[in-house]
Amino acid sequence: MVESAIRVVELSSPFARFAGRILVGLGYEVVLVEPPEGDPTRRELDGYSFAHWHAGKRSVVLDLSTDADCGVLDELIAGADILLDGSTVGSEQSVSQHDSLVHVRVTPFGVTGPRRAWAATNLTVAASGGMMAQVGEPEGPPLSLPQGQAEQLAGVNAAIGALLGLRARRFGPAPFVDISAQECVAASLEAGTLAYLHEDRIPGRPGRVHPLVPHGLFRAADGFLGGGLGGSPRMWDATLQWLIEERAQDDLDHPRWSDPVERKTHQDHLFEVLQRFLSKWPKEEFAIRAQERKLPWAAVDDPAELLRNPQLNDRDFFVDVVTEDGVARDLGFGFAFPEGRRIRELIAPGLGAGQSLTVESRTPAAPTAEGAHPGRRSLDGIRVLDLTWVLAGPYGTRILADHGAEVIKVESSGRPDPTRFAPAMHLSRGPHDDPDTSGYFNDVNRNKRSITLNTRSADGLAVLADLIAESDVVIENFSSSVMEKMGLGYERIRELRPDIVYVSMSGMGHTGPRSSWVSYADIVSASTGLTALTGWNSEDVVGVIYGHGDIVAGLQAATATLAALEHRDRTGRGQHVDLSQLEAMAAHMGTSVIQSTGAGRLPEPIGNAHPEYAPHGVFRCLGPDRWSAIAVRDESEWRALCELIERPEWSDAEGFRTAGQRRARNQEIAAAVTAWTRTMPAEAVTELLQRAGVPAGTVQDGRDLVEADAHLRDRGFFIRQTHPRAGAFLHEGVPVRLDRATGGVRSAAPLLGADTDAVLGGILRYSKDKIATLRANAILS
């Protein structure tokens, strides 16, 4: 019998609301509890902020300062499957815990630790979590990513926590889930922390050039382009051939440039030549011509241009949001679900429009007592065949492995993962030629098993087919046509395992006019508006150089996998989730599109400023490149800041009373704040502000997170594991913490091919003779 729809009760906050939106996209019933004056987003962007975050939800009004409405909330929660709880630490409701209720608590710093009650905003969490240390010019201030990326990382992890909780509920009481936004950010930095853990190195802010691979941000004739030389010799050869055809190669046709080490060593000169070539091209024309040559380039599009993206429109990515004022176009969801369904329209609820829910009775699904085990993890018993490589795919499958799934990574010496072998991505104190000592690979592939298989042979593909038949999930991030060419498209996979969950993660998706485009994280960032809005103004764009888009795609892929498993448990049906990394990142662009289609205001880069708060930014502190992020949200915080910086006369002075007035005097205020912060260590500045109730956060780099952050240390975020070849090192922790069915770092990453015999013998039941024959024929490469 198919269960009734999942009901979610949401006590919203900036760190929780994206989770509610994701669950709406999964088809769940989300009940938004609003105060009598309505959710604060109803008063932002002429109400279109509310429309983006809460369209598709049902609105219930409760005054939680009264005992009567607290009782109503408790009854509402008693009939829910998930409580998405973003209430402020110290003001949270006393919630009756029911065995069937997955309680997901989303806060800036988690429910334990010395900083659990610290005031925080997106800016201060982005600073304390390590994100801001990776964005900006090397000699300039750290720069915030636009559209609340720290908040949205917390939101997508909360959605993952909710889905893990639903799965855990099937074999015991539902868990309590603790989501720390800071940890969600700290686990999303690509090499930011890994460089310190594995090379004793602290990467500086990279400006417009990727710190590891030859990619960057370049000027075109009419804007900007993102891209570079890719990761293969073919891409360099094709780029050079194009330059020669256009007589723009300068000296790059000299044999010395055929050496990748030479290209990396003298990358500045190479990029100068490229920049002269690119500056003559319109950005869209160049991107199309480059992609025709299978070269990784994309135009840097703003949100208005994003609306015209032919790939997104062909795949029906956008949704129409219906409000009292009409219909506005908005961003859709990270993937179509379930079974390829696209949501075309969402209605923004009127205040209290769902009030009848408070008098309806509902019985949620009960936990399954049979098979209950106190040490069982959410995904124990689930087998995942991992055909991914580099970052986006392995990050997604790492999440599944962390929470108990048996993840079998299929590798090949003929098509090695660049993070095992490529010197720039190896991250190791020793030589960069050992595939088993790469810190980059070893962090993102912990808790997994490795087999080596030659998938370019018929016998190798036969082994792969046998593995698919024994798996619950197949995940790959190949180009869109690769699996079909291997004879393992979804129809064939479904023949092998009828209820299989197949998640593809190509850059643009398996359908659409740009499905064959070559994509990297910076291509996705450029195409979705993220790069265009990361900067100080429309002419001073800095962009996002590290792999934020890859991390987001991995998080969305993990969400899709968990949702598909939940759907399979209820219906018996598997499905193909055709996840496009372009759509995954676009879904994280917040109100950027509805701001223009609804409120009629095209967003532009604003640096570290904020449309509602002031002052709001990073301020220089004592020591080289030390900064504290400060966000003043209201008048009480403004008065507290004035006392600290010894400007009490500004507290209630004309011209300083509102955020708008303070923004107009930003230079004067920033100078006064900097005069105070510049004399003290960043940590002291942050702590003084927090004691006064003002949101603040030290801009932390990888070393700070590992060595200096007492809160992360108290919560045991970094976990020591010993690798058989690389030795002992710290791993990034698991940002989704369940009190039951908890995940964790159980084992270090596997040696290349270490589990081949065990998997083929134990899972496929191949004889020793058959395995020996496959190895002799170079099938087990």
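Predicted model: local features only at pLDDT ≥ 70, side-chain atom pairs only at ≥ 80, totals over all residues.

Reader: Good. Which helix does Thr239 lie in, then?

Author: Thr239 is part of helix α8, which covers residues 233-245.

Reader: Is Thr239 buried or exposed?

Author: Buried: its relative accessible area is 5%, and the cut-off for buried is under 20%. Leaving aside residues up to four places away in sequence, Thr239 touches Leu229, Leu274 and Leu295.

Reader: Let's zoom out. How many helices and strands does the chain have?

Author: The chain has 32 helices and 26 strands.

Reader: And what does the radius of gyration say about the overall shape?

Author: A compact globule of 781 residues would come out near 28 Å, and the chain has 26 Å, so the two agree. Along the principal axes, the C-alpha atoms fill a box of roughly 80 × 70 × 50 Å.

Reader: How much of the chain counts as buried?

Author: 61% of the 781 residues. The chain exposes about 27,900 Å², with carbon and sulfur atoms supplying 50% of that.

Reader: What about contacts between residues at least 24 apart?

Author: Take the contacts between residues at least 6 apart in sequence: 74% of them join residues at least 24 apart.

Reader: OK, over to the N-terminal strands. What does β2 pair with?

Author: Strand β1, residues 7-11, runs parallel to β2 and is joined to it by 4 bridges. In that pairing Glu10 stands opposite Leu32. The chain gets from β1 to β2 through helix α1 (residues 17-25), in a right-handed β-α-β crossover.

Reader: And the other partner?

Author: That's strand β3, residues 58-61, also parallel to β2 and also with 4 bridges.

Reader: How many of the residues of β2 are buried?

Author: 6 of the 6, residues 29-34, so the strand is largely enclosed by the rest of the structure.

Reader: Which residues sit on which side?

Author: In a regular strand the side chains alternate between the two faces of the sheet. For β2, Glu29, Val31 and Val33 are on one side, Val30, Leu32 and Glu34 are on the other, and all of them are buried.

Reader: Switching topic: how many disulfides?

Author: 0 disulfides. Cys621, for one, has the sulfur of Cys642 as its nearest cysteine sulfur, and that is 18 Å away. A disulfide needs the pair within 2.5 Å. Cys621 is buried, at a relative accessible area of 0%.

Reader: Which residues have a positive phi although they're not glycine?

Author: Asp46 and Glu190 are examples, each with phi of about 55°. As background, most residues other than glycine have a negative phi, and most peptide bonds are trans. Asp46 is in the loop between β2 and α2 and is exposed, with a relative accessible area of 53%. Glu190 is in the loop between α6 (181-186) and α7 (194-199), but it counts as buried at 10% relative accessibility.

Reader: Last one: what does Ala726 touch?

Author: Asp436, Thr437 and Asn442, not counting residues up to four places away in sequence. Ala726 and Asp436 are 290 residues apart in sequence, with their C-alpha atoms 7.0 Å apart in space. Ala726 is in the loop between β24 (719-723) and β25 (727-731), and at 33% relative accessibility it counts as partly exposed.

Notes
Residues numbered from 1 in each chain as written. Heavy atoms only, no water. Buried < 20%, exposed > 50% of the residue type's maximum accessible area, 1.4 Å probe, protein only. Helix = DSSP H or I, 4+ residues; strand = E, 2+ residues; numbered from the N terminus. Pairing = 2+ DSSP bridges. Right-handed = clockwise from strand over helix to strand, strands pointing away. Rg over C-alpha atoms; globule rule 2.2 N^0.38 Å. Contact = heavy atoms within 4.5 Å. Areas by Shrake-Rupley, 256 points an atom, 1.4 Å probe, with all protein chains shown as cover.
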